[in-house]
Amino acid sequence: MKKKVVSLLTVAALSMSMLAGCGNKAADTAKDAAETAESAVEEGAEAVADAVEETGTEVANAVSGDLADKKVGVCIYQFSDNFMTLFRNELQNYLVAQGFNADNITIVDGANDQATQTNQIQNFITSGVDVLIINPVNSSSAATITDLVVGANIPLVYINREPDADEEQRWEDNGWNVCYVGCDARQSGTYQGEIIVDLGLDTVDLNKDGKIQYIMIEGDPENVDAQYRTEFSVKALEDAGLEVECLDDEVGNWDQATAQQLVANALSAHPETEVVFCNNDAMALGALQSIQAANRTVGTDIYLVGVDALSEALEDVIAGTMTGTVFNDHFSQSHSAADAAINFLNGQTNDRYIGCDYVKVTADNAQEILDSVK
Ligand code: GAL
């Protein structure tokens, strides 16, 4: 497996901007929590001292333990998701490379159903796993999941679907061993928009009406990745001074076949479509099938962008049948998630948000990215 080519230089900046974005609410929560913590200390100084002593003993035990003996539970929201398949395979490989025993790593399919996943988490707790890595079905269920896992004294690393700012603040305020690993989806949306902006209005404005007519195919609407990619791709066009017209905006749930159908309908209702934005590559691949079925040609009479840099999409970018995509670095994210789990097992703490950079992909660098992911 070749190493990824991408540097993570702007991670700190991204993390800062995410924190800045959740400003006042977070500050209020922090203030309340600080007051609660203060009175708790006053009321139970002795109990706290006992707890610290106990934790110290646990940490010492953990540090002396061997990773090969540690049990890891991994919950994936849905195995059939293309990107999360790359993520979980790399996570499994990397955990083994770090010294975990493959027999002690259990990865389960939430089948896109929160009740199923919550049961799986309960089963992991009963079976006595040492650490959990969770890609929640619903980010809004994070508080319930956290309470379950923290209540069982198990460290928890969330991946891919970010819980909200209040929930993350709770981890910090309580000093819980919980963190999140993921990328800032605003960056991926912005890159999608910039790929279109860089082509120039003259090229993209096929009907020469001074506007960019687009259709948007969204992932799961509860997911912040879908929300931000939808918003920031269009914002990048507007920020560049382009006028935009949304012809259709549909939910494709990250799924190729769903997107294929949606784009077929949208193109027949709106033949004037100039750009198809898809929140991920699986849906862009479905869009491409419908674009071709409608006898349209990407790069000539329509433009198409996705996110993830799936190998198939990269081949399309190289061939010119997709305008561009954005590399969603599953190597960096899965490695950071495993490293965070190891830190917790070693009695160390993690930042509550561990970021990762996206990379803009066009015909100029698609081969390089393809070589790096193979
Ligand atoms: C996104 C990814 C999508 C899908 C989604 C699942 O980051 O781009 O393809 O995997 O996560 O939450």
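**Entry 1: G175**

Is G175 buried or exposed? I looked this up before anything else, bearing in mind that I am working from a predicted model. G175 has a relative accessible area of 58%, which is over the 50% cut-off, so I noted G175 as exposed. I found G175 in the loop between α7 (165–174) and β5 (178–181).

**Entry 2: the chain as a whole**

I have 15 helices and 12 strands in my list of its secondary structure. The chain has 374 residues, and 49% of them count as buried. For the accessible surface I wrote down about 16,200 Å², with 49% of that belonging to carbon and sulfur atoms. Then I turned to contacts between residues at least 6 apart in sequence: 75% of these join residues at least 24 apart.

In soluble globular proteins, nonpolar side chains tend to be buried together. With that in mind I went looking for cores here. The largest nonpolar core holds 63 residues, and V157, I159, V276 and L304 have the most contacts inside it. Helix α14 (residues 330–345) gives the most to this core, namely eight residues.

Setting aside residues up to four places away in sequence, I159 touches I76, M84, F87, I133, I134, N135, P136, Y180, V181 and A337.

**Entry 3: L156 in strand β4**

My next stop was L156, which sits in strand β4 (residues 156–159). Its relative accessibility is 0%, so L156 counts as buried. Beyond neighbours within four places in sequence, I found L156 in contact with L132, I134, I145, T146, V149, N177, V178, C179 and F344. I also looked across to A340: its C-alpha atom is separated from that of L156 by 9.1 Å, although the two residues are 184 apart along the chain.

**Entry 4: the ligand**

Which residues surround the ligand? I listed Y77, D81, F83, N160, R161, N223, D225, R229, W254, N280, D308 and N328. I then went through the distances from ligand oxygen atoms to side-chain N or O atoms. With R161 the distance is 2.8 Å. With N280 I read 2.9 Å, and with N328 I read 3.2 Å. How much of the ligand does the protein cover? On its own the ligand has 310 Å² of accessible area, and the protein covers 99% of it.

**Entry 5: R296**

I was curious about this arginine, which I found in the loop between α12 (281–293) and β9 (303–305). Is R296 buried or exposed? Its relative accessibility is 15%, which is under the 20% cut-off, so R296 counts as buried. Its side chain reaches the backbone oxygen of T273 at 2.8 Å. Not counting residues up to four places away in sequence, R296 touches L267, P271, T273, I291, D301 and I302.

**Entry 6: positive phi in two loops**

I made a note of two residues other than glycine with positive phi. N112 has phi near 55 degrees, and A309 has phi near 65 degrees. N112 belongs to the loop between β2 (105–109) and α5 (114–127), while A309 belongs to the loop between β9 and α13 (311–319). N112 is partly exposed, at 41% relative accessible area. A309, at 4% relative accessibility, counts as buried.

**Entry 7: D255**

I finished with D255, in the loop between β7 (243–251) and α11 (256–269). At 34% relative accessibility, D255 counts as partly exposed. From D255 to A284 the C-alpha distance is 9.2 Å, and the two residues are 29 apart in sequence.

Notes:
Residues numbered from 1 in each chain as written. Predicted model: local features only at pLDDT ≥ 70, side-chain atom pairs only at ≥ 80, totals over all residues. Heavy atoms only, no water. Core = buried A, V, L, I, M, F, W, Y, C linked by side-chain atoms within 4.5 Å. Buried < 20%, exposed > 50% of the residue type's maximum accessible area, 1.4 Å probe, protein only. Helix = DSSP H or I, 4+ residues; strand = E, 2+ residues; numbered from the N terminus. Contact = heavy atoms within 4.5 Å. Near = heavy atom within 4 Å. Polar contact = N/O pair within 3.5 Å; in protein donor to acceptor, adjacent residues only side chain to side chain. Areas by Shrake-Rupley, 256 points an atom, 1.4 Å probe, with all protein chains shown as cover.
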